[in-house]
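Please read them with the structure open beside you.

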Amino acid sequence: MRRSTPTTSLALALVATLTTASLAGTASAAPAPAPAPAPATAAALAAPDVSLANVQAHLTQFNSIASSNGGNRRAGSAGYAASVSYVKGKLQAAGYTVTEQNCTTCTYPGSNLIAEWPQGPTDQVVMFGAHLDSVSAGPGINDNGSGSATLLENALVLAAQNPTMTKRVRFAWWNGEEQGLQGSKHYVNQLSSTQRGYIKGYYNFDMVASPNGGYFINRITSATAAPLKAYWDSFGIQPEENTEGQGRSDDYSFANAGIQTSGYAAGASYTKTAAQASKWGGTAGAAYDGCYHRSCDTTSNINTTVLNRSADGVAYAIWQLAVGGGTPTNDFSVAVSPTSGSVARGGSTTATVSTATTSGSAQTVALSASGAPSGVSVSFSPSSVTSGGSATMTVTASASATTGTFTLTVTGTGSATRTASYTLTVTGGGGGCTGGQLIGNSSFESGSTPWTASSGVITNDSGQAARTGSYKAWLDGYGSSHTDTLSQSVTLPAGCASYTLAFWLHIDSAETTTSTAYDKLTVQVGSTTLATYSNLNKATGYTQRTFNLAAYAGQTVTLKWTGVEDASLQTSFVLDDVTLQVG
């Protein structure tokens, strides 16, 4: 796993419990207890048991490679090259299509290793990845020989079993993760938008054998994480969200490209809490891995219980997601933006309902809503979409509508039922207030009108993911002196109770400073500056920003975003779902 520093930034509803997999081996330091697993189902039994001894044999080989090459397997070193050669030889002998992709943009140019099992549809890919490099301080056996060995043995087991495939399985071992996720970024950037669309989920495994380890899952509540969580749930170990690893490993490169991600981790330098030690075993108040990024990260630095459960959990996910006879995987998601709004009696307001194909094939999704109070109606245009598409939800209040705050449930019905919540406030109106959402083309999906923007700002370029739909406003990101603007004029009615400007902002920057704002985004209403953001605010994903514009009631004003970038190191300011809710 990359050291903790600021960074740039298939669905499956499983209810099956898991097989009683053999969990031989004990942890080298404070092993977690092993509660008895729940009874197995036929689906779970389809997944093979991955040999812990074989995974450990790969770790021993990585340790020997480091010992013979200056004590490490750092990217660009002889130890890294020998690690690539070892993994590649095993995969080629097993029948994989193996490609070495030279990462020319990496600090230490070297190979990403991509291996694809040549069965299953090429436009339905499930991808499993781990970084193969270590830091220069040591051999990197937990970080990240553990993830690399886990995937290598799973790849060999898949080849030996040679089952009927419903999806294409692709494995990857990344160069340059420790220098800033460089290998995976290079790989994702080389993919066309069509190729990215083929990847239905990316699963990352970084440090899955920490000696004082925990059980962590990336995006644990997501549909993508469901098979990984289902396997660990069968042992009653109560896994947690991988907060320590957010933005610090190769899944981040895929998430930034709009690809659904998940993965296992056992923890790095963060401290195990008393509650975690109580449910997982180990030592409270100590790091998950006391040898993180140190020379002592050797084969003695491994918790075999966590390693075994991780290896078998990967096999379970592969079989559930990609092997014939597994659980059907067609699924979708529903989201509403904004998530709340106000409407005055006699008025209306709108929101965007977005859907996404989270696994399998696209499907027709019928939209409906429930929970509206008396006198309030909800309609959708269109009333059904193909997953991946969006619709406009219009909420209309009659002159006698019940006032108050209510939760609307927006439901999408296809092969499954998925929901999202929308908080609606109905006000009494009066005083000349005409409530509603005032921003035109708020999600940028309908071209540039009525926005005024610099060339290329409103775009569906895949280099930065939209929050919803396909389009967003992308200011700057050139890595050279540049200014972009985005604006829209709106008239705010008088007499309303609330005037809330909201937008979602993602800041992605290659700047490494933690003290100097080199690149800036200024938000203005008229000539007044509401806020200024910079490369210092870079973060994973989108964050909603809100402002009270009540001072401008009864006026026509111009809302304007201005991005100014200096001469080097790009900063991207990406906006989506801009609303001005009046009620």
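1. Glu 244 and Arg 248 join their side chains in a salt bridge at 4.0 Å, N to O, where a salt bridge is a side-chain nitrogen of Lys or Arg within 4 Å of a carboxyl oxygen of Asp or Glu. Both partners are covered: Glu 244 is buried with a relative accessible area of 5%, and Arg 248 is buried with 3%. Here buried means under 20% relative accessible area, exposed means over 50%, and partly exposed lies in between, with a 1.4 Å probe and protein chains only.

2. This is a predicted model, in which local features need pLDDT of at least 70 and side-chain atom pairs count only at pLDDT 80 or more, whereas totals for chains, interfaces and linings use all residues. Residues are numbered from 1 along each chain as its sequence is written, and side-chain values use heavy atoms, with hydrogens and water left out.

3. On confidence, the chain averages a pLDDT of 88, and 90% of the residues score at least 70; pLDDT is the predictor's confidence in each residue, on a scale from 0 to 100. Over residues 5–45, however, pLDDT stays under 50, although the model has 134 contacts beyond four places in sequence for this stretch, a contact meaning heavy atoms within 4.5 Å. Where pLDDT is low, the predicted coordinates should not be read in detail.

4. The whole structure holds seven salt bridges according to the search, and one of them links the side chains of Glu 100 and Lys 88 at 2.8 Å, N to O. Because Glu 100 lies in strand 1 (residues 97–103) and Lys 88 in helix 3 (residues 78–94), this pair ties together parts that are twelve residues apart in sequence. Helices (H or I, at least four residues) and strands (E, at least two) are DSSP runs, numbered from the N terminus. Glu 100 is partly exposed at 37% relative accessibility, and Lys 88 is partly exposed at 22%. Elsewhere, Glu 116, Arg 168 and Arg 170 are linked in a network of salt bridges.

5. What is the order of the eight strands that form an open sheet? The order is 1-2-4-3-5-8-6-7, with mixed pairing, and two strands count as paired if DSSP finds at least two bridges between them. Strand 1 and strand 7 (240–241) stand at the edges with a single partner strand each, so one side of each is left without a neighbour in the sheet. Strand 1 pairs with strand 2 (residues 110–116) in the antiparallel sense over seven bridges, and Thr 99 stands opposite Ile 114 in strand 2. Helix 3 packs on this sheet and touches strand 1, strand 2 and strand 4 (168–174), its direction making about 15° with that of strand 2; axes are lines fitted to C-alpha atoms, for helices over the stretch in contact, and angles run from 0 to 180 degrees between N-to-C directions.

6. Helix 7 is mostly covered, with six of its eight residues buried, namely Ala 226, Pro 227, Leu 228, Ala 230, Tyr 231 and Trp 232. These buried residues pack against strand 5 (199–205), strand 6 (216–217), strand 8 (261–265) and helix 10 (304–322). The side chains of Asp 233 and Lys 229 form a salt bridge at 2.7 Å, N to O, and both residues lie in helix 7 (residues 226–233), four residues apart, about one turn of the helix. Asp 233 is partly exposed at 34% relative accessibility, as Lys 229 is at 27%.

7. A further open sheet consists of five strands in the order 19-22-27-24-25, with antiparallel pairing. Strand 19 (452–453) and strand 25 (528–534) are at its edges, each with a single partner strand, so one side of each is left without a neighbour in the sheet. Strand 24 (residues 520–525) and strand 25 pair in the antiparallel sense over six bridges, and Val 525 stands opposite Thr 528 in strand 25.

8. The search of the whole structure also finds two disulfides, a disulfide being a pair of cysteine sulfur atoms within 2.5 Å. Cys 103 and Cys 106 have their sulfur atoms 2.0 Å apart; their link is right-handed, with 90° about the S-S bond, and both cysteines are buried. Cys 291 is joined to Cys 296 with an S to S distance of 2.1 Å, and the torsion about this S-S bond is about -115°, so the disulfide is left-handed. Cys 291 is buried at 14% relative accessibility, whereas Cys 296 is partly exposed at 27%.
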